[in-house]
Amino acid sequence: MNIVENLNKITKNMAGYPARLIAVTKTHPVEVLQETYDAGCKTFGENKVQDMVAKWEVLPKDIEWHMIGHLQTNKVKPIAPFVSLIHSVDSFKLLLEINKQAAKAKRVIDCLLQIHIAQEETKFGFSQQEAEAALHSEALAGLKNIRIVGLMGMASNTDDLIQVRLEFRGLKQFFERMKATVPVSERCELKELSMGMSSDYETALQEGSTLVRVGSAIFGAREYA
Ligand SMILES: *Cc1c(COP(=O)(O)O)cnc(C)c1O
């Protein structure tokens with residue numbers, strides 16, 4: 001696996017789309033992240049708090065760290081001082097905790113609401129109805145240390161790219177509807193739509209993604225300990 005070649009290929013495929021690449025570095029050692037950084041990619045996605053903190057401590061400080069995995073409320077504190085964007089906000093309770101820890105860290109933390117779009121039962125996320133209620137809730141105005149900047153979704157784990165495309169399209173339609181109906185405020189401005197991984201990022205770009213989260217197409221298959 002040649003990281004630089006892979007990055008070049010993906011960057012080429014992204015040309016013309018208004019989207020950014022999140023290099024999903026989970027399970028990979030800091031040497032691999034440093035190589036990616038040296039190649040010019042400085043936005044990393046991790047799914048475990050402990051790993052993200054350990055890597056943040058030793059790597060250059062101009063890296064943007066994105067939390068992309070399910071986040072338990074009791075694990076927010078260690079990442080609150082530095083995380084750039086939390087893609088995986090899947091409950092109002094978690095939003096409250098992020099607000100609390102962001103206040104302690106004297107920051108405003110950008111968040112995406114994760115929307116359940118896959119057919120599998122197991123994926124986390126708000127239903128569209130729940131997300132709509134959260135975006136319109138009066139309680140949001142009081143959360144001075146978070147900002148909801150968009151939505152995130154993970155398509156079904158299937159080779160059927162037509163199915164995947166329809167799931168992305170449905171999320172994009174919901175995103176546009178929320179953009180049109182939720183008033184822009186300091187707490188909420190919907191700009192980002194995080195969708196697409198190694199197997200489906202090109203489909204996601206065609207369907208309006210602004211943030212693609214790509215791991216194995218850059219780093220090869222992951223080995224889990
Ligand atoms: C692991 C992961 C990715 C990247 O997956 P690849 O198939 O390796 O590109 C993207 N998004 C989330 C939420 C992940 O957990």
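Start with where α5 meets α6. Gln128, Ala131, Glu132, Leu135 and His136 in α5 contact Gly170, Phe174, Arg177, Met178 and Thr181 in α6, contact being heavy atoms within 4.5 Å. The residues of this contact split into 4 nonpolar, 4 polar and 2 charged.

A word on the source. This model is predicted, so local features need pLDDT of at least 70 and side-chain atom pairs pLDDT 80 or more, while totals for chains, interfaces and linings use all residues. Numbering runs from 1 along each chain as its sequence is written, and side-chain values use heavy atoms, without hydrogens and water.

Now the geometry. Helix α5 spans residues 128-136, and helix α6 spans residues 161-181. Their axes come within 11 Å and cross at roughly 20°. The two helices are therefore roughly parallel (angles under 35 degrees). The crossing is right-handed.

Next, the ligand. Residues around the ligand (a heavy atom within 4 Å) include Val24, Lys26, Ile68, Met154 and Arg222.

Which side chain has an N or O atom 2.5 Å from a ligand oxygen? That of Ser198. Arg213 puts a polar side-chain atom 2.9 Å from a ligand nitrogen. Ser216 uses a polar backbone atom, 2.8 Å from a ligand oxygen.

Definitions and conventions
Axes fitted to C-alpha atoms, helices over the stretch in contact; angles between N-to-C directions. Helix = DSSP H or I, 4+ residues; strand = E, 2+ residues; numbered from the N terminus. Parallel < 35°, antiparallel > 145°, perpendicular 65-115°, else oblique. Left-handed = near helix turned anticlockwise from the far one by under 90°. Nonpolar A, V, L, I, M, F, W, Y, C, P; charged D, E, K, R; others polar. Polar contact = N/O pair within 3.5 Å; in protein donor to acceptor, adjacent residues only side chain to side chain.
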